[in-house]
Amino acid sequence: MPIPRRALVAAAVALVLPLSACGSGDSGSSTDASGKIEGDITFQTWNLRANFKPYFEGVVADFEKKYPGTHVKWIDQPAEGYADKISADAAGGTLPDVVNVSPDLVAPLAKAGLALDLDKSAARDKKEYLAGAWAGHQVPGMTGTYAFPWYLNTGPLFYNKSLFEKAGLDAAQPPTTYDELFTDALRLADKSDGKVATLANVPTIEDFGRYGVELMNKEGSAFSFNDAKGVQLLTKYKELYDAKALDPQALTATPESSGKKFLTGAVAMNPGSALDLGNFKKQAPNLYKNIGITDQITSTGKVNMYVMGVMVNARTKHTPAAVAFAHFVTDAENQMSFAKKVAIFPSTAGSLDDPYFTKEDGTDETRVRVAAAKSLKNAVNYTPVLFSEQMKTALRNEIAKALQGKQSPKTALDNAVKACDTLLRQQG
């Protein structure tokens, strides 16, 4: 897998800026990006040098050729500790001019006055991007957009056709609604005497979003996923858990461990991306022969997408150059070039209509790519940008208690919302 799953899915990482970094302050920088594009700037990426060094060196060279008075220093940070690195740089005043971020990382920087508002500084560029992608780096309770959308990812549900057939289910008709999913899951568990689960993960915040739960109020001041619909979803998962239709180890599962369960035939369905097909072919040839591919299940009509972004430091001394470079990295041409090097998708409007994303050639790889690209046109990032890693842990812990019967689904979600609201207030 060329880009670690953690980066591709933009996994949320808790980032708490020290108090010394809070407040916009006056650094002598300007939000006006209309001046001459010149000067030395620094561009930081997130664990991309090892596999994409020639690509990024080419992008930098092309930019410097287009704007002769500029010089871009490219630095790359490892995946581990990336949030801590950004936090330290923000506190120390050493944040690079242009920074690769995920939405959860940009939120505290925006609150601290360190992320440039592109609705003001790059309003003319907004139309070049998918609306859902542009909105990906907006922060509830604030006006503005704080990063250019960069690459996107989403994926289908994979399912094991042979397991469906053994349970007497039509492998050509996988579930397309939550009701069908829960019904099929209970049947699979019953027919296999509890040996085959359909799902391997407890519901996450994005699952509640896909189910149609209102996750947060519009002001971004409180969470609301403990409503009747949220309780309904968790109650369904409790039924699955009791019937062993949800893998017993789901309480401690990771994406990697869930993937292994799917590889070995212990789990019938698993989310993934085009990247996974190559792994199936190498590691589990029998599974690959029986692989089924279907759309994400959603009650909203919109699938979940993960978005990465490119932020401009609000305190850069070369605002025109920094904004121009962030836009250059994420423009249609460069995004398209990058998307052909790894199984990701461009966030630029119109790019997903390219034959590369619309024409199948009979392979599973293109089938997944085409289906995902189609779904991304109106996809949304269900994970609230203010939902930190600590909040994810709080939600997971309360869900575990509900699944084990230690508390009701309603109590679990009430407790999770209370814990997340407390953490939200601590963010400031």
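1. Start with a strand pair. Strand β5 (residues 157-160) is joined to β6 by 3 bridges, and the two run antiparallel. This is a predicted model. Within the pair, Y159 has M269 in β6 as its bridge partner. L157 stands opposite P271, also in β6.

2. Now look at β7. β5 and β7 pair in the antiparallel sense, over 4 bridges. Here F158 stands opposite I293 in β7. As a general point, strands of a sheet pair through backbone hydrogen bonds, either parallel or antiparallel.

3. The 3 strands form an open sheet in the order β6-β5-β7, with antiparallel pairing. β6 (269-271) and β7 (291-294) stand at the edges; each has a single partner strand, so one side of each is left without a neighbour in the sheet. From one strand to the next, the twist averages 25°.

4. Is β5 covered or open on its faces? Both faces are covered. L157 and Y159 lie on one side, F158 and N160 on the other, and all are buried. Helix α11 (residues 255-263) lies across β5, β6 and β7. It runs at about 145° to β6.

5. Turn to the other sheet. It has 5 strands in the order β2-β1-β3-β8-β4. This sheet is open too, and its pairing is mixed. β2 (70-77) and β4 (148-153) are the edge strands, each with a single partner, so one side of each is left without a neighbour in the sheet. Neighbouring strands are turned by 20° against each other on average, direction ignored.

6. 4 bridges join β4 to strand β8 (residues 306-312), and the two run antiparallel. F148 stands opposite V310 in β8. Helix α2 (residues 49-66) packs on this sheet and touches β1 (39-46), β2 and β4. The direction of α2 makes about 165° with that of β2.

7. α2 also has a helix beside it. α2 and helix α15 (residues 332-339) pack at an angle of about 170°, with their axes 11 Å apart. That makes α2 roughly antiparallel to α15. The residues that meet are F52, Y55, F56 and V59 in α2 and N334, Q335, S337 and F338 in α15.

8. Which residues touch the most other members of the largest nonpolar core? They are F225 and F325, in a core of 125 residues. Helix α14 (residues 319-329) gives the most to this core, with 8 residues. Leaving aside neighbours within four places in sequence, F325 is in contact with I41, F43, V59, V60, F63, V72 and V98. Another core lies apart, with 10 residues, among them F280, A284, L287 and V368. In soluble globular proteins, nonpolar side chains tend to be buried together.

9. Helix α10 (residues 228-242) is worth a look. It has 15 residues and reaches 21 Å from its first C-alpha to its last, close to the 21 Å expected at 1.5 Å a residue. Its buried residues are G230, V231, L233, L234, Y237, L240 and Y241. They pack against α8, α9, α18 (389-403) and α19 (409-427). In general, an α-helix has 3.6 residues a turn, so residues three or four places apart point the same way.

10. Is T198 buried or exposed? T198 counts as buried, because its relative accessibility is 1% and the cut-off is under 20%. T198 is found in the loop between α8 (178-191) and α9 (205-210). Leaving aside neighbours within four places in sequence, T198 is in contact with L181, D184, A185, L188, A245, V267, A268 and M269.

11. Last, check the backbone angles. Most residues other than glycine have a negative phi. N47 has a positive phi, near 60°. N47 lies in the loop between β1 and α2 and is partly exposed, with a relative accessible area of 24%. D193 also has a positive phi, near 55°. D193 sits in the loop between α8 and α9 and counts as exposed at 67% relative accessibility. Just after α10, K244 takes a positive phi of about 65°.

Notes:
Residues are numbered from 1 along each chain as its sequence is written. This is a predicted model: local features need pLDDT of at least 70, side-chain atom pairs count only at pLDDT 80 or more; totals for chains, interfaces and linings use all residues. Side-chain values use heavy atoms; hydrogens and water are left out. Two strands pair if DSSP finds at least two bridges between them. Axes are lines fitted to C-alpha atoms, for helices over the stretch in contact, and angles run from 0 to 180 degrees between N-to-C directions. Contact means heavy atoms within 4.5 Å. A nonpolar core is a set of buried Ala, Val, Leu, Ile, Met, Phe, Trp, Tyr and Cys residues joined through side-chain atoms within 4.5 Å. Buried means under 20% relative accessible area, exposed over 50%, partly exposed in between (1.4 Å probe, protein chains only). The expected span of a helix is 1.5 Å times one less than its number of residues. Angles under 35 degrees count as roughly parallel, over 145 as roughly antiparallel, 65 to 115 as roughly perpendicular and the rest as oblique.
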